[in-house]
Amino acid sequence: MRHETLSGILGEAVRRNHVPGAQLALYHHGELHRIAVGVERTGTGKAVTDHSRFPLGSVSKVITAALVMQLVEDGDVDLDSPVSHHLGAGTASPGHPLAGVTTRQLLSHTAGLVSDRPLDAPTHSLRRYVGSLTRDDRVNPPCTAFSYSNTGYAVAGHLVENVTGQDWWETVESHLCDPTGLDLAFVTDPRPHATGPGLVDGHAVTPDGTAHPVDFHIENALAPAGGVAASATALVDFARAFLEPEDSGLDGDIAAPIVLHEMGRPVPAADPFGLADGWGAGWSLHLAGDRLWYGHDGTLDGATCHLRIDPQGGSALAFTTNGTTGIQAWEDLLVGLRNAGLDVGHYRQTHEAGSTGEPTERAEIAGGYSNGGLMVVVSPSGDSYRFTVENGFEGVLSTGPGSTFSVTADRYGGASFGGRFLTDPASPTRVTALQYNGRTLRRSAQPVQPNA
């Protein structure tokens, strides 16, 4: 692909969605293309460069997974042995949410843990966070369903700490950055002598295209799930270690290819409806034609990040933005790339995909649903339903066949996503849970008042 073509596709996606600043890095057919546009913060005129660091959000999880794979290669961790071997006998006790959980299940979101849980103190260490888990932090038995879990990656980060004898931040530096030259930073760093991260600013973009700077925030305990920052170029350097044959842009190896590809080997129990076509021990999996792409997406307080790898075809792409509309820009970028002949692995959701159970029209769906600190209310509103998340996100819910639904949120530029209701096999009209954005939320026993 010509550099000018790629630049034009990126420029149009950014302009159309009023994104303040963005980076695109593409390694394709042996060539590395790097493009940076816009500013790091509105009103400053400071231009985004190839080396500007953007928060990765949940793309940080593949960094934590890669650390685990190094420990697997060294023989210190077995992906299919209980994590209690490294976290203490208490975590193996009956009733503990980590009892019987394996490392592979943590990394593939099949450990049955809640997505997020309220924190008494944002500065909690990983040790204290993991030590505070209770039986209420499990949403389903291990290896029975997919439920996206930041909590699971906090546990994985603490496992890394216990095995290496260093905190997670030190291990990222000593095991990844120092040996390979990988340029990573942290959104939050509790170490007393840590320097500032030197990141771009995030922005909330209003419907009229005005961008307002916002601060990044993530709890220390969730840093392994979402606390890394990097440039798109650094991400592609990292991603090239997963190409076949290995074609890394790094100074040294992360781990042996056969070990790294465990991150992309499909886990049978991982059915990430609404997010991807499958999941491995770290990577989301996306079908594009006859190719299986590795990937991950992330957001954090006005910044977005998308990473895709075609291990067999030898391509890797990273896209970072510092605006909430970066998600829509990503969708436009994908269309532009596809029209130019590059079909990047991306999950295309349909209402029929993965549908199970009876049509939602025949089930009673109104009620409250929860997963840890995540609360959703589905309530009748005229001839339709409202889907309201406790954090203020809401939209019109439309039901579809096979217990599927879609939600359109006008406040977020008409952005939409899909999900499905889960019903009791013995009583198909009884809804027991819902899935959206990869999370499984159990139905609350408490009645919910409909909207006025």
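Figure 1. The structure shown here is a predicted model. Where pLDDT is low, the predicted coordinates should not be read in detail. For the protein, the mean pLDDT is 89, with 91% of its residues at 70 or more.

**Figure 2. Packing of helix α1 against helix α11.** Helix α1 comprises residues 3-16 and helix α11 comprises residues 326-339; their axes come within 9 Å and cross at roughly 150°. Because angles over 145 degrees count as roughly antiparallel, α1 is described as roughly antiparallel to α11. The crossing of these two helices, α1 and α11, is right-handed. On the α1 side, the contact is made by L6, I9, L10, A13 and R16, which meet A329, D332, L333, G336 and L337 of α11. By class, the residues of this contact between α1 and α11 are seven nonpolar, one polar and two charged.

**Figure 3. The hairpin of strands β1 and β2.** Strand β1 (residues 21-28) pairs with strand β2 (residues 31-38) in the antiparallel sense, over eight bridges. H28 stands opposite E31 of β2. Two residues lie between the strands of the hairpin, and H29, in the turn, has a positive phi of about 55°.

**Figure 4. The open sheet of strands β3, β7 and β4.** Three strands form this open sheet in the order β3-β7-β4, with antiparallel pairing. The pairing of β4 with strand β7 (residues 228-230) is antiparallel and extends over two bridges. Within this pairing, A185 has A229 in β7 as its bridge partner.

**Figure 5. Packing of helix α6 against helix α7.** Helix α6 (residues 150-164) packs against helix α7 (residues 168-180) at an angle of about 70°, and the axes are 9 Å apart. Because angles of 65 to 115 degrees count as roughly perpendicular, α6 is described as roughly perpendicular to α7. G157, V160, E161 and T164 of α6 meet W168, W169, T171 and H175 of α7. The residues of this contact between α6 and α7 comprise three nonpolar, four polar and one charged.

Note on methods
Residues numbered from 1 in each chain as written. Predicted model: local features only at pLDDT ≥ 70, side-chain atom pairs only at ≥ 80, totals over all residues. Heavy atoms only, no water. pLDDT = per-residue confidence, 0-100. Axes fitted to C-alpha atoms, helices over the stretch in contact; angles between N-to-C directions. Helix = DSSP H or I, 4+ residues; strand = E, 2+ residues; numbered from the N terminus. Parallel < 35°, antiparallel > 145°, perpendicular 65-115°, else oblique. Left-handed = near helix turned anticlockwise from the far one by under 90°. Contact = heavy atoms within 4.5 Å. Nonpolar A, V, L, I, M, F, W, Y, C, P; charged D, E, K, R; others polar. Pairing = 2+ DSSP bridges.
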